[in-house]
Amino acid sequence: MEEPTTLMRSRPNSRPLPDRTASGQLPSLDGAVRRCRCDEQFLTALGEIYARADAEIGALGAECLGGGSCCRFDLTAHRLYLSCGELAYLTAQTPPSGQRIPTRRCPYQVGPRCSARGRRPLGCRAYFCDKKSRNRRSEIYEQYHGEIRALHRAHGLDYLYVELTAGVQQMFGRPCREHFGIDKIGVAK
Ligand code: SF4
């Protein structure tokens, strides 16, 4: 199955897409995220990739209009995908709503704002409803997503690509001891 190549896509099926597995079995999302979360060097390197992507995207001058509609997936046709390593990075912060995760809405959004700005995935960093430089931002997304994918491989971690709301819901939708005490993971500013 081919991996989606656009950062936002209208696709109702949110099953994780496998990159490869050593045994030919699809790894569980929980397990893949947990392994990423335990690799501090991986998380640090991911933060550095985000910082470089932010600098390149910021230089393009696209404006955030601040309405927050890009994060309301239940109201729009947008779907945003992220890797399991990015999901580990994001879910190191518990959503403000705790374990009450709404379907198809990002639980990190508070009003129009993102409460997890430092931890948000690459797709959130590259997406603006401002059409200015949209093509270039897509190219930048592809470039850095390729780096993130390669980073999973370099650290011997499984790579899954999952729709954001389904992924967060799976990580917080039921009590999971691994989520406690993980806020010590460093975040690149
Ligand atoms: S992580 Fe933040 S920017 Fe990304 S969809 Fe959620 S609220 Fe929006």
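Let's start in helix 5, where Arg137, Ile140, Tyr141, Tyr144, His145, Ile148, Leu151 and His152 are buried. "Buried" here is a matter of counting: 20 or more other C-beta atoms lie within 10 Å of the residue's own, while 12 or fewer makes a residue exposed and anything in between partly exposed, with C-beta atoms placed from the backbone. Looking down the axis of helix 5, these buried residues fall within an arc of 135 degrees, so they line one face of the helix. That arc is taken over the directions from the helix axis to the C-beta atoms. An α-helix has 3.6 residues a turn, so residues three or four places apart point the same way.

Before going on, a word on the model. It is predicted, so local features need a pLDDT of at least 70 and side-chain atom pairs count only at pLDDT 80 or more, while totals for chains, interfaces and linings use all residues. Residues are numbered from 1 along each chain as its sequence is written.

Back to helix 5. The face turned away from the buried side carries the exposed residues Asn135, Gln143, Gly146, Ala150, Arg153 and Ala154. Helix 5 covers residues 134-154, and its 21 residues reach 30 Å from the first C-alpha to the last, close to the 30 Å expected at 1.5 Å a residue. (The expected span is 1.5 Å times one less than the number of residues.) Helices (H or I, at least four residues) and strands (E, at least two) are DSSP runs, numbered from the N terminus.

What do the buried residues of helix 5 pack against? Here are the partners.

| Partner of helix 5 | Residues |
|---|---|
| helix 2 | 40-58 |
| strand 2 | 81-83 |
| helix 3 | 84-90 |
| helix 4 | 122-126 |

The loop between helix 4 and helix 5 holds Ser133. Ser133 has a positive phi of about 60 degrees although it is not a glycine. Most residues other than glycine have a negative phi. Ser133 counts as partly exposed, with 16 C-beta neighbours inside 10 Å. After helix 5 comes Gly156, which has a positive phi near 65 degrees.

Helix 1 (residues 29-37) has its own buried residues: Ala32, Val33, Cys36 and Arg37. They cover an arc of only 135 degrees around the axis, which puts them on the same side of helix 1. Their packing partners are helix 2, helix 3, strand 5 (160-163) and helix 6 (164-172).

Over in helix 3 sits Ala88, which is buried, with 26 other C-beta atoms within 10 Å. Leaving out residues up to four places away in sequence, Ala88 touches Val33, Cys36 and Arg37; touching means a contact, with C-beta atoms placed from the backbone lying within 7 Å. The C-alpha atoms of Ala88 and Arg34 are separated by 7.0 Å, though these residues are 54 apart along the chain.

Now for the ligand. Around it are Cys71, Leu80, Cys106, Tyr108, Gln109, Cys114, Ala116, Arg120 and Cys124, each with its C-beta atom, placed from the backbone, within 6 Å.

Stepping back, the protein has 6 helices and 5 strands, and buried residues make up 35% of its 189 residues. How far can you trust the model? The mean pLDDT is 80, and 77% of residues reach 70 or more; pLDDT is the predictor's confidence in each residue, from 0 to 100. Over residues 1-17 the pLDDT is below 50, and the pLDDT is also below 50 over residues 175-189. Where pLDDT is low, the predicted coordinates should not be read in detail.

How values were computed
Two residues are in contact if their C-beta atoms, placed from the backbone, lie within 7 Å.
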